[in-house]
Structures are given as C-alpha cells and as structure tokens.
Amino acid sequence: MRHPIRVMGTALAVLTAVGALTGCGTTAKPVGTAPPVTTPTTTAAAGSGAGAEASTSVGASGSACALPVSFGLAADWRPKAVEATDDELFAALAVQGPATMTCEIDAKPAGNIGYLRVWTADRGAARTALEGFVKAEENTSKVTYKETEAGTLPAVEVTYTVYNKLMEESKEERAFAVAAPKGTVIVHLGGLDTEEHREMLPAYELARTSLKAL
C-alpha cells in the first residue's frame with residue numbers, strides 16, 4: 001500500500017475525475033509504435049493481488065456485473081456495474097471508440113487509488129476493437145500490441161503511456177481484449193501514476209489468466 005501522505009495531494013486533485021466514470025478519452029489521435037513496455041519485477045501490495053489467487057469472480061449471471069466473460073478478482077477489489085444512459089456526460093466518459101464501459105472494479109478497498117474497467121463492444125475482432133479503443137484515447141504514446149492469451153482464449157494486449165496534463169507527467173496503462181461468443185471485451189488498467197499502475201498489475205494479470213467465456 002502506498003503511503004497516504006504521498007498520494008493525498010495528487011489524489012485530491014483528481015478525485016472528481018476519478019469518480020464512477022473517469023479516464024475515458026474522447027478525441028482520436030494517431031499513435032505510433034515503440035518497443036514493448038517491460039513489466040516491472042517489483043513486489044506488489046498484497047491487496048492489489050499478490051499471490052494471484054481469486055477471492056471472488058465477476059461476469060457471470062448473479063455477480064455484480066453481467067459480462068460476456070467471467071474472471072477472478074483479487075482480495076478486496078470491489079466490482080460495480082456501470083449503467084448506460086443517454087446522458088451526454090456518460091457518452092463522453094463511458095464510451096471510448098467502439099467500446100462502452102460496463103463494469104468498474106475499485107481498488108481503493110485494497111489500498112490503491114485505481115480501477116480495473118471492463119468495456120464491451122459488438123462481436124468482432126479483438127484487435128480491431130482494442131485499436132479503436134486506444135486511438136480514441138488522448139495524449140497516447142509508446143503504443144505496442146502483442147498477441148497473448150486470456151485464460152484459454154486468444155487475446156490481444158496493448159501497453160502504452162498517457163500524458164496527464166493535470167499531473168504534468170506520463171503514466172503507463174495497458175489493456176487486453178478478447179472476442180467472446182457474446183461480444184468483444186476489453187479489460188483496462190490505468191492508475192493514478194506509473195507506480196500505482198505497477199502496484200496493481202497482479203490484479204490485472206489475475207483477471208487475464210483466469211478469464212473464461214460465458
């Protein structure tokens with residue numbers, strides 16, 4: 001867990017934006033390619049998913065979020081469904097490229113300021129959806145795609161950086177996408193900054209490795 005004094009100043013500056021619907025780009029911007037971002041080998045906080053054991057799961061009927069897939073959640077991560085509306089603010093924040101946010105998994109109870117966010121799109125190629133998702137993000141750079149697996153499903157993963165104008169610094173982000181029978185799914189991990197992002201990586205990897213199509 002990061003020291004509360006360290007994050008307090010920056011956290012207060014962004015809590016309004018972090019809310020239930022944040023971090024969604026709305027303006028397309030061309031991106032280049034760069035060498036892959038190497039996953040750090042630092043030890044993550046236990047609340048962020050160290051040990052990669054699921055305490056519960058999300059996605060199946062009856063869970064907090066009904067999704068085309070299910071996957072395990074790290075201890076104390078709290079899922080909440082995001083309901084679609086016709087509101088303009090929702091459209092600006094919860095629609096990114098071809099995808100709509102449908103589930104937000106809060107890391108704060110586990111000791112981090114951040115979320116895993118699940119976005120869904122119409123059935124189609126996972127890479128096409130993921131590329132559209134990233135291109136709709138603002139201020140991206142160092143964008144790199146790779147083929148991988150999510151559970152036993154073929155998947156595409158992207159790593160990239162986003163320049164945060166408020167914080168005046170760039171931070172790492174990543175996402176993976178799968179084309180499930182009931183729709184394409186994108187699971188995205190951001191974070192307050194790069195350090196926060198890296199602390200939450202075990203929870204992201206748990207979601208990826210435990211994913212199952214429904």
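# Close-up views of a predicted model

**View 1. Strand β6 and its two neighbours.** Strand β6 pairs with strand β10 (residues 183-189) in the antiparallel sense, and six bridges connect the two. The model shown in this and the following views is predicted. Strand β5 is likewise a partner of β6, again in the antiparallel sense and over six bridges. Strand β6 is mostly covered, seven of its seven residues being buried.

View 2. Arg117 is found in strand β6, which comprises residues 115-121. Is this arginine, Arg117, buried or exposed? Its relative accessibility is 8%, so Arg117 counts as buried, the cut-off being under 20% relative accessible area. In β10, the bridge partner of Arg117 is His188, while Glu104 is the residue that stands opposite Arg117. The side chains of Arg117 and Glu104 also make a polar contact, at 2.7 Å.

**View 3. The disulfide between Cys65 and Cys103.** The structure holds one disulfide, and this bond joins Cys65 to Cys103 with an S to S distance of 2.1 Å. Cys65 lies in the loop between β1 and β2, whereas Cys103 belongs to strand β5 (residues 99-106), so the pair ties together parts that are 38 residues apart in sequence. The torsion about the S-S bond of Cys65 and Cys103 is about 70°, and the disulfide is therefore right-handed. Both Cys65 and Cys103 are buried.

View 4. Three strands form an open sheet in the order β1-β2-β11, and their pairing is antiparallel. The edge strands are β1 (56-58) and β11 (212-213), each of which pairs on one side only. Strand β2 (residues 69-73) runs antiparallel to β11, and two bridges join these strands. Ser70 has Lys212 as its bridge partner in β11. Helix α5 (residues 201-210) packs on the sheet, where it touches β2 and β11, and the direction of α5 makes about 140° with that of β2.

**View 5. The buried face of helix α3.** Which residues of helix α3 are buried? In this helix, which spans residues 126-135, the buried residues are Ala126, Ala129, Leu130, Phe133 and Val134. Seen down the axis of α3, these buried residues fall within an arc of 130°, and they therefore line one face of the helix. An α-helix has 3.6 residues a turn, so residues three or four places apart point the same way.

Note on methods
Residues are numbered from 1 along each chain as its sequence is written. This is a predicted model: local features need pLDDT of at least 70, side-chain atom pairs count only at pLDDT 80 or more; totals for chains, interfaces and linings use all residues. Side-chain values use heavy atoms; hydrogens and water are left out. Two strands pair if DSSP finds at least two bridges between them. Helices (H or I, at least four residues) and strands (E, at least two) are DSSP runs, numbered from the N terminus. Contact means heavy atoms within 4.5 Å. Axes are lines fitted to C-alpha atoms, for helices over the stretch in contact, and angles run from 0 to 180 degrees between N-to-C directions. Buried means under 20% relative accessible area, exposed over 50%, partly exposed in between (1.4 Å probe, protein chains only). The arc is that of the directions from the helix axis to the C-beta atoms. A polar contact is a pair of N or O atoms within 3.5 Å; within protein, one must be able to donate a hydrogen and the other to accept it, and residues adjacent in sequence count only if both atoms are side-chain atoms. A disulfide is a pair of cysteine sulfur atoms within 2.5 Å.
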